[in-house]
Structures are given as structure tokens and as C-alpha cells.
Amino acid sequence: MNQSAQSRTDLVPIRKPRDEPVHELVLEEFVVEIVSDSGEGAQRCGQSFASIAARMGHGIWTVEIIPAEIQPPARSIEGASGNRIRVGTQAVTNGGDEADLVVAFNEQVLLGRIRAEELKPGCTILLEDKWRSSKDESIAAAYTSVHDQLTTDGFQVVEIPMEEECLKYVADPHRGKNMFALGLMSRVCGLDLELALEQVALTFAKKGARVIEPNQQLLQAGWDWAEANLDIRFRVPTTPAKEPRLVVNGNTALGLGVMASGMDVCAMYPITPATSASHYLSDVFQSVGGVVHQAEDEIAACAFAIGASYAGKCAVTITSGPGYSLKQEGIGLAVMGEIPLVVVNVQRGGPSTGQPTKAEQGDLLAACFGGHGDAPKVVMAVSDIEDCFYSVITARKIAEAFNVVVVLLSDASLGSAQQPFVRPQFNEEWLAPPVDQSPVPEGVTPYDWDPETGLATRFIPGQPNGMHCLTGLAHDRMSHIVYNPEQNHETIRRRSLKLAALQKSLKPPNVFGDEEGELLVVGWGSTKGAIEEAVTRVRADGKSVSSLHLKFLQPMASGIKEVLQRFDRVMAVENNWSDDLNDALVDEENRRYSNMAWLLRARCLVDIDCWGEVKGQPLKPGAIERALREKLG
Amino acid sequence: MSVSAPRCLLWSNDEPVVLDDYVSEEPRWCTGCGDLAILAAVQRLCRDEQLAREKIVFVSGIGCSSRFPHYMNTYGFHGLHGRALPVAEGIRIKRPDLHVFVNTGDGDCCSIGAAHWIHAIRYNMNMTVLLHDNEIYGLTKKQVSPTSPKGLASNTTPRGAYLDSLNPMETTLGVANVSFAAQAVDWAPGLLYDIISKAYKHPGCSFVRVLQRCPEYLPEHFDHWMDDPDQLLLLTHEDGMQVTPDLARIYKQQEIHDPMDLNRAREIASMKDRIPVGILYRNEQVPCYEDVLNPAGLFTPEVVRTNIEAELDKFTVWPAS
């Protein structure tokens, strides 16, 4: 897979001389990007491209390219907006390495992508050329300068009169240039024209034929232009999918999961990059009787969800890092009162406001240990898009079975990434049972903790004989405030035991690769696909490396220590900071490890190294691969 | 809705409930604390309305007043400092069958929970909010509160409070969607009961500020008002509070005030020379958030299944036939 990717840029894609045959590269996978100024439709173009590829049976993974501002200045390096699509013959598990092909609406956004090291050296660039003849001399000069530099640097730049071509069909090329680009890309990348035209119809279905037809014309025009003028074709063989598949991003999958879990209250406060899950739910939750409450702040959202959970079905609150910090006191209350609660944290770069639209996994330790006092809660992470859907259902079940808080960690890279997965078949068991309103039997107390498991029955308002005052103060079996030190000790023990009880039901995760060897990589969350791809590449060279991916971070399944001990060395790999031992002042005694490394070192008493990046991008398999090779020596 | 109506009816109590049935444990408030008067009024209300104990939830934050739910033999939720209102909103959202009360102090409501207070008024969810306002922090031992008058000496303002106090009635009446705002004092129990009873019956968020004594930290703070009945201004109206002849003889200062008159309510709220007691504002036409937010219809398992399948279909890519 990797080698073909390296060789493909040797070909020179230039305007096709008439009647010359085109060069077709047959690949197992490639990465294509479309970037524009914000509002020019590159994101929609990319999403449509991905949907067409998915419908053809390809494996795909899309990554949204999102500027930090809603309307960044036009033609700015930071303003790049668009989509990256990795297309494969087989299932694609991550966004891949640098792009093989880029469509850009101006040269400045392209520079942004080059600075972010997202483009393969020498890759093909299809560039809007209208800037060359701009009446604004500074723009024309900037364009020419960047163009010449790119060419000097070895990129295969093909200038395309996108706007000029679009003007043949529409008066305002700003609306619709993205469909012309979609046509270009579809032709170059070997997509099916019929499916592409259908996709346009689907995309604009709500707007009717008046909008669909010109957009289809533009798509066809782009296709035809590529057919007539471009000398390069990528083709990824595919076999048509046999099963229906769902194509959604991680946040929509989370929203679907909330619906399917039987929860009926989601309380939230707007925060990037989590909010799109609530946008989706706000649109559809009512169809199953659910409500989305946009609270006045993150604290209120958490408290509202706790109230709803206390009086009914388990509720969910969805947030990101800063919001998670604000919810910590509320989470502690839910732990203390043993109120089931699902807290979804779609992580972003931190600390503080950090990088709201960018990927990072920095909240693991905050999720496990963040609140004050001893507050045992369950922490799970999602590792792909399908997992986003099913994990919400699992989280709700665990929360209600153990009367615990379940924190579900996703992150910005999964939230906006799309990956098809087998369409779930509705299952009655997903749904929450009706709220218990039966009378409480005589003699049963509000916290009748089981001595072994710590589990207690939850009393819900409306249940006769169950009257008690739930309190965030230390309390006894009757929910009376505890002034007795022994009793406080005992009740903390009961709450702690519930995690041990849950832990006994967890299956040890499977090792990816050999069960023993030289190096084991441990990861969690969104990095799974990239880590396993890197491990596969390194193993292909005969190196001894395996990986382990953890879903349950707290409690952790048993048997993990034994796995770690079967390897000479262990390294945590995550999208997080860790001090570099090569820095002059850093040594074993003061090194700050990455989140997972801290956790595993404490849990397993194993010497664990770590590697990670905090560049605001999902970890690339190539970068992990280099780290593994370096570690293996 | 989480509970089917017929099942709720099935469990409605058929034996009369007496006052003692609502009593759980001996309150641990100080002797003479104004909270005791509020507790007595609320227990009497529950008895008079014959409310099923399992259908009542008292929600509180943190502070002396927030111990209230512990002393009611009902469901209670004694949560976080300042966060009683959003918890109560969450309880209410899927449970129209419950009677929801909130007990919150002046620190809890007007300081740490001020954001929630403003929005709770705006949401107008059906609940009775009792602001136990003694104008001082009690449980943390005498610190200045937002409602403490300027100049009040406390442990954090030993040379006197620096700022003018916040007037909870003015604030409440300034918020969009306000539907019920009333004021009472703990030393006039008959009026207190009457006002809380009217608040309970109001379909929406009924906000009642109760001025109450803290004998421990501000023992003489309200004496000036208590000793002279003319310091109170009773708000009466045929659609509001009516005063018995006995009380009318004591409290001679009265104003006939239409609870629908928001402008006059705001003027009354801003009075400095007298304490207005009664219903300042009431508007039953303001929609309740839970009624607006909750979708109509019955969500049977079959409906839920069908609609989840439809959502899955929306994103499904079907194999080419």
C-alpha cells in the first residue's frame, strides 16, 4: 500500500495533449483534499465526493479542514476550509498520511496545507488560475510567486480556469464552483459519473430541480473538462458493498447512539467540537420523545441532566474539554448520589480555550481523576465511527446498571470524520426500560449497598415508600447525613467497589499483532486506526511490534499487565504531550509523561515510554511509523 | 412522558394524609430561625392540598435553608451550591406528575447561582421556588450576601458592606417570561402560608422571596420592620391575596394591586421605605418551557423503533442492486 503511494507522484500530470492516452494509476488507496476560503463550498464538495466513493463500495475516511473563525479573511493561509478524503479498496481506518491530490480555490489556502505538512512532496495540485489575471496587482503577484515556488519545489501544479468555465453555466460562479471541482475530482479519481450526478440530486433534494439541474451541469462540466484536458487518473479497485452501510461522522453517530440508547434528555451548552452532535439530536430527538435542552451554561447542563436522570431515565450531557472542567462538581454530585449519568466529552486541544477545532486527547486524566475527592467513575473511549454509535448504548447501560457516571471520550478527529460501517439493525435491548414506579418493599433503604459489589437499588421519585432526601453530603443507608467517621469510610468503600464489580465483567482487549515480542504500543480512542496501520507497516519489514488498544480506561480490564510484561518494551502512543528526554533539563525524575503512560505506569508498575504529538491534527500513521522505527532502532 | 397517566392514578393515595406524615426528622436549624416558619407553612400546604408524599420533590442547593428537603418526608434532592434550579428543571422536564419545590438561600440563588436564577425565571417551568433570604451567609458563618444592606458588618466586611444590595424582586421582575413573583416575611405566618399556597397553585415558575430572620448572626436585623406593622405594605386584590379582618387590623398599610400590572409591580419592588408583602406579579398565560420543549404524542416502543430505523435509513448507503 505504502510503496505504490510513494511512486505515484513520479508521473507528470499536465494538460493532456490531444489524442494521447491518459496515465492511469491503479492504487490500493489515495488521499485527496479540496480546500477553499470559508463559504466556497469545499466541505460540501468533499463530503459529496466521499459519499459517492462510499456508495461505490470503497472504504473511506474523511477529515474536515476547519478554520478557527466563521469568516476568516479571504485568501488567508489560516482560512483553509475543506475536506480530506482517503479512499481505499478495503476499509479505511484513519485519515492517512500526506495528500496525493489537492484541489485548491486559491494559492493561499494551499500554503496553509503545505505549512501543516499535509501535502505529499511533489503531489498533484489542481489550482484555480483566475488570480493570475487579477486586477489587484498584489494578488496577481502573490499568486504568481506561490505558483512558481510550488513548481520549483517539485509540486505538479495544474492551473485550471475553474471560474471561467463555471461562468459558462451560471452567473455567480461562487455558488457552484464546488460542483465543478467535484466533477474534476470525480473524473480524475475514477468515481462513477451516474452516482456523482445522483449525489448532487440527493444533496440538493430539498431545494428542488431549479437548484439540482445547474449543479449537475457544473458537475458534468468539471468531469468533461478533466476528460479533455487532464493527463492523470487515479483508480482504486473496489468491489461493490454487499451490505447496507451507514455513512455518518462521529458526532452524528453519537447522536444516533443517544437516540438508540433509549435516553430521552440531552442537556448541553454550545461548545466546539462537540456541538454538532447536539445539532443533529435537536433535529431528530423529538421523533422518539426526546428533548435537547440548551442550558444557560455547562454547569447547568450537567445539573439539568442529573435532575432528569434522578427523576427518570438516565440522561446525557455532551461537551468538550472546557465544559468538562466546569461539569466536574456536578459529576462528583452524581457519583456521590449514585445517579446514573452519561457525559460525552468530544476532546479538543487544551488547556484553557486551546485549539477548539483541533484534535487532542488531553482529557484522559481529567476524566479519570479530575473532580475533587474520591469520585470513582467509569471512563470509556471511542476508537472509530461505528464505536461512537454503540458506545453510547453501552455507556447508558453501564450507568443504569451500576448507578454510576460514565464518561465517554471522543475527540475532534472522530467528531467530524466520516467512515462507513455496517448499518446497525435495531435491537429492542438497546432501549432503556421504563422508569420504575412500583412501591418500594418494606425494609429496603435508599442505599441498600450490597456488601460485595457496592450496588444499591435506585429509588425514583413517584415510588411509594421510597421517600428520602438524596444528598451530596456523606450519607448512610437511609441517605441521612453522616457525622460518623467510620460510616463515611464505609460509604466511600461501597462506591469504589462498584468499579471493581464492573471490572470483573470486562474482557481483556486483544493484542494486534503477535502476543509477545520486542515492542508493544498502547493506545486509546481515535488513534486506533493510525496505530494499527503503522504497526502493520513496520511488521511488514519483519520487525517485532504489536499494539494494544484500550476501550475501558477506568476501570481497566484485567490481564493488561500480563500483556505488557510479554514485551521487552512498552510505549504509549497518543495525541498528547509528553516531555522529550532529549531536552537538556528533562530526565527520568522530572519527565512529564503522556496521559496514558501515567495511567499505565500507575496501574501496571511497568516502565512505559511514550510518544505523541500535539499539533492539532490526528496522528498520522506515517508519523507513528517513524516513531516506532526509531524506538526499535 | 416517562410514566403513564393511568398508572399514576392507580397509586394515588386514598387515605388522608396528616401533618405529621410530612415530617421526617427534627430540624437542626438554630432556635428562632426563619427557616422553621417556612417549613411549617410548607408542611401545612402539603397537608391542606393532600399531596401524595412520593409525588413531591424538594430540591435545594447548599446553605442553611438548603437543609429543608431533609426535614420533609417526601423525595428530596440536596445538591450543589447554587445549582438547585437546573436540577429541579431536569426533574420537571419529563415528570409533569411531580410537585417540584426549590429551597434556595440568598447566597445560593442570588450569588453563586445567579445565572440559573435568571434563566429559571425565563424557562418558567412549573415549580415553586422559595428564596429563603436572611441577607447573610449562615452556614459559612456570617459573610456578606448580595442582599445584605450597604454598611452591614460581616466577617468579610468588618468595616461594613461596600455595595448597595441586590433587590431580588426587582431582578426577578426584570426577567423575560416572569410569571409569578411574590414576597413574604417569616414573622407573619398566615400571610406566608397564603402566599406560598398561591405560588404552589400557579402553573409556572412561582418565585417567592421570604425575608427571614437569622437569630445567630443578625439577631436584631429585622426588628425595625417587625416591631412596627406599618412597615409592611400588604398587597391585596380580588385576584391576589385577601387579608382577614384580624390581620387587616394589624397591618394597616395596604394597597390594592392587580397582579397583572407589571409596571406597578416593578415600582412596588423598588420601594425602599416599606416591605411589600403579597403577590407582586402573576400571569398564567406565560407558556411553560416543559410544555413547549416536550414533543406531543405517544412514544410507544413501536413508534420509537420505526423512527430510529428511519434515522438509520437516512444515512444508509444501500448496495447496488
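1. Nine residue pairs are in polar contact between domain 1 of chain A and domain 4 of chain A, both residues at pLDDT 80 or more. A polar contact is a pair of N or O atoms within 3.5 Å; within protein, one must be able to donate a hydrogen and the other to accept it, and residues adjacent in sequence count only if both atoms are side-chain atoms. On the domain 1 side of chain A, the residues touching domain 4 of chain A are one nonpolar, four polar and six charged.

2. The model is predicted: local features need pLDDT of at least 70, side-chain atom pairs count only at pLDDT 80 or more, and totals for chains, interfaces and linings use all residues. Residues are numbered from 1 along each chain as its sequence is written, chains are lettered from A in the order in which they are written, and side-chain values use heavy atoms, without hydrogens and water.

3. Three salt bridges are counted between domain 1 and domain 4 of chain A. The term means a side-chain nitrogen of Lys or Arg within 4 Å of a carboxyl oxygen of Asp or Glu. A:Arg86 and A:Glu533 form a salt bridge through their side chains, at 2.5 Å, N to O.

4. The domain assignment of chain A places domain 1 at 2–235 and domain 4 at 511–632, among others. Such bounds come from an automatic or database assignment. Eleven residues from domain 1 of chain A and eleven residues from domain 4 of chain A make the contact (heavy atoms within 4.5 Å). The C-alpha centres of these two domains of chain A lie 35 Å apart.

How values were computed. Ala, Val, Leu, Ile, Met, Phe, Trp, Tyr, Cys and Pro count as nonpolar, Asp, Glu, Lys and Arg as charged, and the others, Gly among them, as polar.
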